[in-house]
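My notes follow in the order I looked things up.

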Amino acid sequence: MAANLAAPQELNVYENAEARFEVAAKKLGLEEGLYRYLKYPNKEITIYIPISMDSGHLEVFIGYRVLHSTVRGPGKGGIRFAPDVTLDEIRALASWMTWKCAVVNIPFGGAKGGIICDPGKLSKSELERLTRRYTAELSEWLGPERDVPAPDVGTGEQTMAWVMDTYAMHVRQATTAVVTGKPIELGGSAGRREATGRGVMMCCDKAIEKLGLKRGDCRVVVQGFGNVGSMAALLMNLAGYKIIGFADVHGGLYNEKGFDVPKAIDWVYNQRRPLADFPAGGAKMPANEILFQPCEIAIPAAIENQITTKNAARVQARILCEGANGPTTWQADSILDGKGVFTIPDILGNAGGVTVSYFEWVQDRQGFFWRESEVNDRLQDVMEHSFDEVVRYAETHGVNNRIAAYMLAIDRVARALKLRGIYA
Ligand code: NAD
């Protein structure tokens with residue numbers, strides 16, 4: 001194995017999720033029975049999805065949906081289309097959804113889905129057939145009161161529109177609240193597209209206030225230029241932060257002078273050019289390297305396992321705000337703690353997305369839609385309150401922010417479980 005790669009077990013996201021759960025559960029003194037109940041997912045579904053490809057041949061794709069918990073409400077969690085999807089990854093992501101919804105105290109459980117495929121290599125009609133067959137196979141498990149998917153890596157508003165339509169055809173009534181992250185025209189919420197990035201910024205605002213920094217003095221690097229990364233970079237740039245590095249899957253660009261993010265977004269999304277070729281000067285580098293450049297704030301907003309035992313010591317940021325799920329391995333946490341990095345863990349840092357998804361679900365069910373300013377105000381309320389709760393919990397219990405967030409979440413779910421009792 002190459003010297004700069006972490007050991008395989010460090011990179012197993014399910015083991016990462018479990019390790020944090022174990023530490024937090026022990027600190028909480030969680031009863032043995034509740035511990036066992038919350039450790040395992042509630043349900044795991046594997047689907048073999050036959051699709052007629054455009055070329056005429058029949059292909060079979062493998063898809064998953066994992067319901068980790070419905071203790072506090074319906075399952076909630078995205079659908080990921082990526083070539084390296086595994087059941088372990090979906091399990092981990094489903095459990096993170098349970099803890100995330102509990103951290104921000106919204107009435108959902110946790111779920112996640114995925115299909116092993118490379119969406120970049122499939123045509124639009126192949127993607128549509130794949131999404132519809134996956135949804136059809138899951139139709140009796142999904143529903144506004146059962147399990148509510150959303151977009152994740154490799155899926156977006158159009159995917160959610162297909163999920164909604166397929167589900168509606170099966171239950172024979174329009175059911176907008178079965179998915180969130182839909183197009184506005186189909187019952188999506190104003191502000192949902194920006195919500196995860198906006199939540200990232202709100203957490204950074206709170207963190208810099210705590211550390212006595214000002215937006216204008218903060219240099220920011222962002223890894224990932226999709227929904228979360230590009231929106232976080234854009235909103236933070238417009239708010240006065242200096243975005244000096246960004247990266248997508250093809251590579252990164254670093255320029256101490258700072259970037260004009262609206263122009264970079266136009267370059268990537270309208271002109272369809274590679275981000276690393278953005279003509280604003282600066283040094284090109286591999287995507288992962290961007291996180292280790294001099295800066296005040298580093299935002300991983302791409303994929304898992306970017307900060308590991310092999311590179312955590314190289315983090316120069318004072319604040320690490322996790323826009324992605326699972327970007328830091330649990331073994332790297334103590335290295336970051338030792339360096340005094342103020343970490344905003346994923347289950348808080350990227351919770352803006354699911355919070356506005358919750359608002360979308362509420363609006364769909366009441367059939368009455370809010371102005372974007374109302375959505376953003378309510379989001380700010382949730383994010384600031386949750387940030388304060390996590391930081392207070394960390395200080396009270398003498399743990400880092402990540403373990404504090406897990407403890408807060410596990411405690412909430414365990415209390416709800418105790419009140420419900422075990423149906424037998
Ligand atoms: P996306 O598909 O819109 O964008 C992913 C971005 O990451 C792209 O720019 C891609 O080029 C880049 N990328 C992929 N592999 C990379 C690599 N190896 N190195 C560097 N960059 C790479 O996905 P997204 O919705 O922005 O999600 C990003 C992360 O945020 C995921 O971990 C996801 O689970 C998490 N998340 C997303 C939301 C949401 O609302 N979309 C909410 C919470 C958490």
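**Cavities**

I started with the second largest cavity, which is lined by Asp-333, Asp-337, Thr-343, Asn-400 and Arg-402. For the record, a cavity here is a set of points on a 1 Å grid over the protein atoms alone where a 1.4 Å probe fits but cannot get out, and lining residues have an atom within 4 Å of a point. I noted its volume as about 30 Å³; grid points are joined across faces, edges and corners, and a volume is the space filled by probe spheres set on the points. By class, this lining has no nonpolar, 2 polar and 3 charged residues. The classes I used: Ala, Val, Leu, Ile, Met, Phe, Trp, Tyr, Cys and Pro are nonpolar, Asp, Glu, Lys and Arg are charged, and the others, Gly among them, are polar.

Before going on, I reminded myself that this is a predicted model, where local features need pLDDT of at least 70 and side-chain atom pairs count only at pLDDT 80 or more, while totals for chains, interfaces and linings use all residues. Residues are numbered from 1 along each chain as its sequence is written, and side-chain values use heavy atoms, with hydrogens and water left out.

How many cavities of 30 Å³ or more are there? I count 2 by this rule. Helices (H or I, at least four residues) and strands (E, at least two) are DSSP runs, numbered from the N terminus. With 4 residues, α1 supplies the largest share of the lining. By class I get 6 nonpolar, 2 polar and 2 charged residues for the largest cavity.

**Cores**

Next I went to the nonpolar cores, meaning sets of buried Ala, Val, Leu, Ile, Met, Phe, Trp, Tyr and Cys residues joined through side-chain atoms within 4.5 Å. Buried is under 20% relative accessible area, exposed is over 50%, and partly exposed is in between (1.4 Å probe, protein chains only). The largest core has 99 residues, and Trp-99, Tyr-241, Ile-297 and Ile-299 touch the most other members. Helix α13 (residues 401-420) gives the largest share of this core, 12 residues.

I then listed what Ile-297 touches, with contact meaning heavy atoms within 4.5 Å. Leaving out residues up to four places away in sequence, I found Cys-204, Ile-208, Cys-218, Arg-219, Val-220, Val-221, Met-236, Tyr-241, Ala-317 and Ile-319. Another core lies apart from the largest one; it has 23 residues, among them Ile-47, Phe-61, Leu-130 and Met-164.

Helix α11 (residues 352-366) has 15 residues and reaches 21 Å from its first C-alpha to its last, close to the 21 Å expected. The expected span is 1.5 Å times one less than the number of residues. Why do I call α11 largely enclosed by the rest of the structure? Because 11 of its 15 residues are buried. Among them are Val-354, Val-356, Phe-359, Glu-360, Trp-361 and Asp-364. The cover over the buried residues of α11 includes β3 (75-82), α3 (87-103), β5 (147-151), α6 (192-211) and α12 (372-397). Gly-367 follows α11, with a positive phi near 65 degrees.

For α12, the 26 residues should span 38 Å, and the end C-alpha atoms are 37 Å apart, which agrees. Its buried residues include Leu-379, Phe-387, Glu-389 and Tyr-393. Just after α12, I found Gly-398 with a positive phi of about 65 degrees.

**Asparagines**

Asn-105 is not a glycine, yet its phi is positive, near 55 degrees. I placed Asn-105 in the loop between α3 and β4 (110-116), partly exposed at 46% relative accessible area. Asn-305 also has a positive phi, of about 55 degrees, in the loop between β10 (297-300) and β11 (319-321). Is Asn-305 buried or exposed? I have it as buried, at 18% relative accessibility.

Last, I checked Asn-227, which is in helix α7 (residues 227-238) and is partly exposed at 39%. Neighbours within four places aside, Asn-227 is in contact with Arg-193 and Thr-196.

Note on methods
On a 1 Å grid over the protein atoms alone, a cavity is a set of points where a 1.4 Å probe fits but cannot get out, and a pocket is an open set with protein on both sides within 12 Å along at least five of seven lines; lining residues have an atom within 4 Å of a point.
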